[in-house]
Protein chains: 2
Amino acid sequence: MSEPRRRRSADRAGSKAAAIPQLPLRRVRNPYPPMALLSEDQIEAIHEASMHILENFGIELMNVRGLSLLEKAGAKVDHASQTVWLDRGLVAEALKSTQSTYRLTPRNPERTIHLGGDTINFTLVAGPPNVHDMERGRRAGNYRDYCDLVRLAQHFNCIHMIGNQVCAPIEMPANSRHLDTYFANLTLTDKSFHLSAIGRGRALDGIAMMAISRGLTLDQMRDDPAVTTIISVNSPRRFDEAMAEGLMTMAEYGQSVAVTPFTLMGAMSPVTLAGALAQQNAEALFGIVLTQLVHPGAPVMYGAFTSNVDMRSGAPAFGTPENAKANIASGQLARRYNLPYRTTPGSASNAADAQGTYETMMALWGAVLGHGNLVYHAAGWQEGGLTASYEKLILDVEMIQHMMEFLRPIEVDDGELALDALGRVPTGGHFFGEPHTLERYASAFYQPMVSNWQNYEAWQEAGGLDATARATLLWKRALEEYVEPAMDPAIREELEAYMAKRKEEIGVEEP
Amino acid sequence: MSEPRRRRSADRAGSKAAAIPQLPLRRVRNPYPPMALLSEDQIEAIHEASMHILENFGIELMNVRGLSLLEKAGAKVDHASQTVWLDRGLVAEALKSTQSTYRLTPRNPERTIHLGGDTINFTLVAGPPNVHDMERGRRAGNYRDYCDLVRLAQHFNCIHMIGNQVCAPIEMPANSRHLDTYFANLTLTDKSFHLSAIGRGRALDGIAMMAISRGLTLDQMRDDPAVTTIISVNSPRRFDEAMAEGLMTMAEYGQSVAVTPFTLMGAMSPVTLAGALAQQNAEALFGIVLTQLVHPGAPVMYGAFTSNVDMRSGAPAFGTPENAKANIASGQLARRYNLPYRTTPGSASNAADAQGTYETMMALWGAVLGHGNLVYHAAGWQEGGLTASYEKLILDVEMIQHMMEFLRPIEVDDGELALDALGRVPTGGHFFGEPHTLERYASAFYQPMVSNWQNYEAWQEAGGLDATARATLLWKRALEEYVEPAMDPAIREELEAYMAKRKEEIGVEEP
């Protein structure tokens with residue numbers, strides 16, 4: 001499959017067609033102080049409430065190994081109801097071994113992910129059952145789309161990491177499809193990815209295959225992590241068996257975990273933001289404590305996903321004012337514990353339309369002002385996460401790049417102040433021909449890929465396509481421009497052998 | 001015209017159809033500290049550069065009265081070239097009489113505009129030659145559309161002020177159409193408006209007609225202002241005859257002025273943000289000084305409209321990362337001089353599409369984080385200001401309301417922390433039926449008017465309309481729901497008589 005693709009790209013390059021403009025690969029830093037919506041007192045009140053939840057209400061942990069680990073550490077455990085009560089002393093002690101910053105290094109070290117501090121990373125959408133584009137419509141997730149979406153994530157420099165299963169390839173056996181998707185992540189891209197930690201096996205397979213791609217042993221990778229997972233909490237206050245097992249496996253092997261309660265206000269959480277944040281904080285800290293009991297120093301992030309529901313229907317909503325506030329306030333909580341922060345810019349829109357972008361912008365600004373370190377589901381999320389959209393992916397890349405450029409500090413020096421040019425151009429004149437302009441114009445401003453700045457008549461003559469229709473053209477072109485990253489054939493064979501062996505062990509019959 | 005309309009609205013109210021949800025009329029305050037992109041040193045460097053411009057390069061003022069006023073105040077003036085050089089001492093002295101906050105009171109005092117401090121006001125788009133909606137397409141501005149757009153501005157509480165000529169009614173005589181548009185502003189709405197200050201006559205007519213609607217004399221309104229204008233600078237460094245005359249007339253009569261350089265980086269300004277800001281600052285301060293020389297204490301705002309051009313074509317761009325940064329940095333400059341701040345959330349998109357909303361969101365977040373007091377052109381701006389769009393107006397109202405709700409501070413107290421509910425809902429349960437939820441759900445979250453949160457299947461069954469198509473339905477419904485604000489018939493007659501007299505004086509032949 002990859003050979004003809006590579007040739008097409010080469011031909012295209014040969015014909016000197018201009019590539020889609022995009023920002024170069026770079027580590028994105030947020031130079032501005034994080035925004036504060038909560039006062040110090042309010043943060044402490046939310047912390048206190050979350051300690052009250054952990055000490056008095058308890059968390060259900062559906063995992064025997066986890067229960068005994070917590071009991072041994074001094075937690076009160078009721079094995080019959082699988083409930084754990086943590087006191088604040090235990091929480092504080094466990095948090096001492098967490099890392100405020102760490103790195104994930106994939107097979108291409110230029111794609112290293114820095115988590116914590118002022119670095120922001122953006123990821124491909126994860127987990128939708130469906131796929132949509134404007135030409136082929138909505139369909140169930142499948143491996144062909146999986147590969148194309150991952151190719152798009154590789155193509156765009158601003159997508160720093162692959163989410164977990166950008167869509168579910170449902171034509172493949174459920175118990176082994178994670179192997180095929182890992183293989184696609186590792187061969188079609190050279191970026192880090194989020195692996196599936198639903199149970200021990202899926203987590204271990206992802207760790208092992210990433211280690212093969214890097215030429216490392218599992219032991220070597222324990223001290224030099226490469227992958228992450230998101231541990232979703234079954235809010236309120238429940239960690240299920242598979243998620244708990246995945247969390248512990250990742251910690252055991254030194255790989256990163258983002259513990260992320262899904263605290264939808266009014267449904268799985270109180271209808272009030274303060275209450276939802278207290279619950280989120282309790283649940284996140286519980287999972288974070290567990291990682292440190294398994295392996296002190298295990299890389300772990302504070303995850304947050306607090307939004308609200310439509311109270312008329314119970315439907316989840318994203319990119320709301322409440323969601324934007326939660327994204328900022330949750331960053332304040334993450335920093336209270338010196339933890340890297342994972343957040344999300346979602347949208348509930350069923351289409352890659354004006355609602356899709358204004359909702360994502362609301363949540364994305366919240367994520368950036370809140371100093372998110374891992375902005376998860378940042379490209380391609382549609383229908384509240386039920387669909388991976390090709391057009392939305394393109395619009396999201398455009399919005400991410402807007403934010404990246406916004407985060408470039410303003411420079412003020414003699415060259416930038418341009419007094420020479422200002423003194424030379426006459427009143428009512430223009431700066432087009434000024435040497436100061438000519439020296440800088442090629443790179444002075446961000447050059448968008450979706451935005452159309454033609455006048456109305458020229459735009460009409462060119463077909464009058466709206467932004468969504470232009471996004472269709474762009475993802476098709478990006479797939480043509482995509483270049484598969486080179487991989488040592490021996491490593492590729494080793495990955496294939498690992499997959500084959502594991503499929504045999506799992507007992508998969510290839511269709 | 002208005003009678004049948006009023007009856008239709010009454011019928012509709014009688015039939016108990018649910019009104020379009022919208023936020024109640026309220027003064028919007030920004031409770032968070034303004035964002036700072038520039039350091040104190042950088043602000044001072046820009047200030048210094050702008051003083052250099054005023055002292056050494058000078059400003060062209062095409063107005064004899066203004067030139068002598070400035071000369072009398074101590075400025076160096078060259079009458080042949082109409083150039084004025086201001087030294088920093090004169091600038092600092094004139095700035096002493098400006099007001100850091102002031103109010104504009106229209107005929108309905110509930111619609112009072114507070115300028116300065118932490119209050120944000122949003123205005124209808126001003127000045128487009130064209131109009132567009134998805135059903136009737138693009139057409140030249142006309143009085144029927146003018147009135148409908150102004151009705152929409154009246155209907156939505158979050159539009160605090162009417163912009164200057166939401167579209168030009170080109171079928172009317174150019175030298176008197178300002179009278180008809182003022183009449184529409186004053187009778188179809190009870191909000192403050194931006195009047196046209198192209199020359200003395202247009203400004204005086206707007207002031208006089210607003211005074212009639214309030215039952216005040218011009219003298220009374222001098223100390224109790226009601227209207228504003230935007231004085232655009234012909235950047236670089238030129239104030240034309242009509243604009244200068246308008247500025248001086250407004251100041252003379254105690255009405256508000258926002259001096260707003262249009263500093264498009266790479267065209268009318270240096271290609272660098274620092275240079276454009278230095279130029280903007282010099283031009284804005286020049287106009288502000290002039291208002292204070294005419295009438296010390298005259299209400300005046302620091303206006304900023306710095307964006308960039310597409311360097312491939314020279315076309316203006318809005319809602320760019322550079323524009324968002326300029327909106328924030330300009331707020332820092334306005335506050336350096338303790339002046340209320342006018343800014344703009346523009347977009348260059350030719351359609352009310354995904355680009356239209358992501359560009360507006362970029363600039364709108366900049367306006368809000370920069371603590372804009374008057375967010376001008378906030379509803380209906382399309383095609384870089386060349387078209388007033390009905391659908392964009394609806395999308396903009398939605399985005400403004402999102403920001404208004406974002407600006408409501410998070411409350412943290414026992415009721416909001418919801419520990420009772422958190423202790424009662426079992427692990428893995430839900431909060432739908434909790435008393436804590438039921439007591440609050442009706443008003444807990446912002447209820448949008450455009451956003452659709454149905455699941456995909458229900459959305460498809462309901463027609464699968466995208467946000468732009470839903471906006472069409474909404475502006476039509478809003479026009480049906482619109483209620484004309486009551487006006488004393490004697491005042492209406494007085495306005496009509498003023499118009500008739502002025503048209504005679506101007507020498508208009510009615511078509």
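This is a predicted model: local features need pLDDT of at least 70, side-chain atom pairs count only at pLDDT 80 or more; totals for chains, interfaces and linings use all residues.

In chain B, four strands make an open sheet, and helices H4(B) and H10(B) cross each other at roughly 55 degrees. In chain A, strand E7 has six of its six residues buried.

**The sheet in chain B**

- Strands of a sheet pair through backbone hydrogen bonds, and they can do so either parallel or antiparallel.
- The open sheet in chain B has four strands, and reading across it you get the order E3-E4-E2-E13, with mixed pairing.
- At the edges sit strand E3 (76-78) and strand E13 (238-239) of chain B, each of which pairs on one side only.
- Strand E2 of chain B, residues 59-61, runs parallel to E13(B), and two bridges join them.
- The loop between E3 and E4 of chain B is where you'll find B:Gln82.

**Two crossing helices in chain B**

- Two packed helices are described by the angle between their axes and the distance between the axes.
- Here the pair is helix H4 (residues 88-95) and helix H10 (residues 273-294) of chain B, whose axes come within 9 Å and cross at roughly 55 degrees.
- That angle is why H4(B) counts as oblique to H10(B).
- As for handedness, the crossing of H4(B) and H10(B) is left-handed.
- Which residues meet here? From H4(B) come B:Leu90, B:Val91, B:Ala94 and B:Leu95, and they meet B:Leu285, B:Ile288, B:Val289 and B:Gln292 of H10(B).
- Sorted by class, this contact between H4(B) and H10(B) has seven nonpolar residues, one polar residue and no charged ones.

**A buried strand in chain A**

- Strand E7 of chain A covers residues 119-124, and six of the six are buried, so the rest of the structure largely encloses this strand.
- Strand E1 of chain A (residues 28-29) pairs with E7(A) in the antiparallel sense, over two bridges. In this pairing, A:Val28 stands opposite A:Ile120 of E7(A).
- E7(A) also pairs with strand E19 of chain A (residues 374-379), this time in the parallel sense and over three bridges. Look for A:Asn121, whose bridge partner in E19(A) is A:Leu374.

- Most residues other than glycine have a negative phi, and most peptide bonds are trans.
- In chain A, the bond joining A:Ser235 and A:Pro236 is a cis peptide bond, with omega about 5 degrees. A:Pro236 belongs to the loop between strand E12 (228-233) and strand E13 (238-239) of chain A.
- In chain B, B:Ser235 and B:Pro236 are joined by a cis peptide bond too, with omega about 0 degrees. B:Pro236 lies in the loop between strand E12 (228-233) and E13 of chain B.
- A:His377 isn't a glycine, yet it has a positive phi of about 60 degrees. A:His377 is part of strand E19 of chain A.
- Is A:His377 buried or exposed? Its relative accessibility is 9%, so A:His377 counts as buried.
- B:Gln82 isn't a glycine either, and its phi is positive at about 55 degrees.

Technical notes:
Residues are numbered from 1 along each chain as its sequence is written. Chains are lettered from A and ligands numbered from 1 in the order in which they are written. Side-chain values use heavy atoms; hydrogens and water are left out. Two strands pair if DSSP finds at least two bridges between them. Axes are lines fitted to C-alpha atoms, for helices over the stretch in contact, and angles run from 0 to 180 degrees between N-to-C directions. Angles under 35 degrees count as roughly parallel, over 145 as roughly antiparallel, 65 to 115 as roughly perpendicular and the rest as oblique. A crossing is left-handed if the near helix is turned anticlockwise from the far one by less than a right angle, and right-handed if clockwise. Contact means heavy atoms within 4.5 Å. Ala, Val, Leu, Ile, Met, Phe, Trp, Tyr, Cys and Pro count as nonpolar, Asp, Glu, Lys and Arg as charged, and the others, Gly among them, as polar. Buried means under 20% relative accessible area, exposed over 50%, partly exposed in between (1.4 Å probe, protein chains only).
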